[in-house]
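Here is a colleague's note to read with the structure open beside it. Please take the points in order and look up each residue as it is named.

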Amino acid sequence: MTRSVPVAQENPVTAATVLEPAAEDPDVADDRELVRPPRRNRAKQLARIGIPVVFAVAAIALWQLVVKVTGQPAYLVPGPLDVLDALRTGASDLVEPTIVTIEEAYLGFLLAAVSGFAVALVMARWRVAELGVYPYLVILQTVPIIAVAPIFVVWFGAGNATNIIIAAMLAVFPIAANTLQGLRSTDRNLVQLYRMAGAPPRTQLFSLRIPHAVPQIMTGLKIGASSAAIGAIVGEFAAGIGGGAGGLGYAVTRYANQLQTPQLFAAVIVASVIALVLFGLVTLIEWLLLHRWHESATPQDE
């Protein structure tokens, strides 16, 4: 008796199988996403700019509405239109004070950046220097500027020199403290690797510690940029003009004494712009240094 053996039949290829697209390799898809940035990133970038602008416009409109409804006099609470008119009509009066304040704030910032970075390097290199210097940096930060400004006037005279020193005095601590923190935060494994390779401390400092401390250094510089502008204005309050041209701090004092409140607001806005420009320059330098390799300067998907 013959026994039949079932023969395996292949599944027929249907039209649906032929038309069905092949599964895409997930790795290729991921690479494609990296090459072509998603549209949502552009939307987030627009939102970062647009949302603050919308809030600013809403706040200015509310300010103008409140002033208009309550009928407050301009010498007491000026509206945005009053401040804008003061900026337009008094621009020529603010040009020279603005130049003076820019010189004081920016030179004070440069002085603080150089001295703060140098002090941080010394403290990072020698522990005894950190123990001896760091407490006095903290004390320097806590000293009231108004109290010590007359001493600087006696030593250096009233005017730009004193204001530059006061601006540097306010900016030096955040620069030195953040730089020291960055130099102390280097990966221990990398430090041990350098030591095993026989690299001297100077090589470790300049080729390892400083590059890894750049994010903290730039953070200190950004804080110092704002502090330097504040120090220049405060120095002009306390040290006066010394017989020369006064800065925005002197202009603010003069407008306040004469109850020229719109002009006072205009001078404050210009002083804020000076600080913002310096902060923006430091931020741009930070982005140029970090955007290719550090996570803090690279776009991140939320």
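Predicted model: local features only at pLDDT ≥ 70, side-chain atom pairs only at ≥ 80, totals over all residues.

1. Of the 302 residues in the chain, 33% count as buried.

2. Which residues of helix α4 are buried, and which are exposed? In α4, which covers residues 80-89, the buried ones are Pro80, Val83 and Ala86. Because these three cover an arc of only 120° around the axis, they sit on the same side of α4. On the other side of α4, Leu81, Leu84 and Arg88 are exposed.

3. The next point concerns helix α9 (residues 188-196) and helix α10 (residues 201-212), whose axes come within 11 Å and cross at roughly 165°. Because angles over 145 degrees count as roughly antiparallel, α9 is roughly antiparallel to α10. The crossing in which α9 passes α10 is right-handed. From α9, Leu190, Val191, Tyr194 and Arg195 take part in the contact, and they meet Thr203, Gln204, Ser207, Leu208, Arg209 and His212 in α10. Sorted by class, the residues of this contact are four nonpolar, four polar and two charged.

4. A second pair to examine is α5 and α13, whose axes come within 11 Å and cross at roughly 35°. Here too the crossing is described as right-handed, with α5 passing α13. On the α5 side the contact is made by Leu94, Thr98, Thr101, Ile102, Tyr106 and Phe109, while α13 brings Ala266, Ala267, Val270, Ile274, Val277, Leu278 and Val282. The residues of the contact of α5 with α13 divide into 11 nonpolar, two polar and no charged.

5. Thr98 deserves a separate look, and it is found in helix α5, which spans residues 91-125. Is Thr98 buried or exposed? Thr98 counts as buried because its relative accessibility is 15%, and the cut-off for buried is under 20%. If residues up to four places away in sequence are not counted, Thr98 touches Leu248, Val270 and Ile274.

6. Ser272 is found in helix α13, which spans residues 261-290. With a relative accessible area of 38%, Ser272 is partly exposed. How far apart are Ser272 and Ala229 in sequence and in space? They are separated by 43 residues in sequence, and by 8.3 Å in space from C-alpha to C-alpha.

7. The last point is Leu259, which lies in the loop between α12 (248-257) and α13. Leu259 has a positive phi of about 55° although it is not a glycine. Leu259 counts as exposed because its relative accessibility is 54%, and exposed means over 50%.

Methods
Residues numbered from 1 in each chain as written. Heavy atoms only, no water. Axes fitted to C-alpha atoms, helices over the stretch in contact; angles between N-to-C directions. Helix = DSSP H or I, 4+ residues; strand = E, 2+ residues; numbered from the N terminus. Parallel < 35°, antiparallel > 145°, perpendicular 65-115°, else oblique. Left-handed = near helix turned anticlockwise from the far one by under 90°. Contact = heavy atoms within 4.5 Å. Nonpolar A, V, L, I, M, F, W, Y, C, P; charged D, E, K, R; others polar. Buried < 20%, exposed > 50% of the residue type's maximum accessible area, 1.4 Å probe, protein only. Arc of directions from axis to C-beta.
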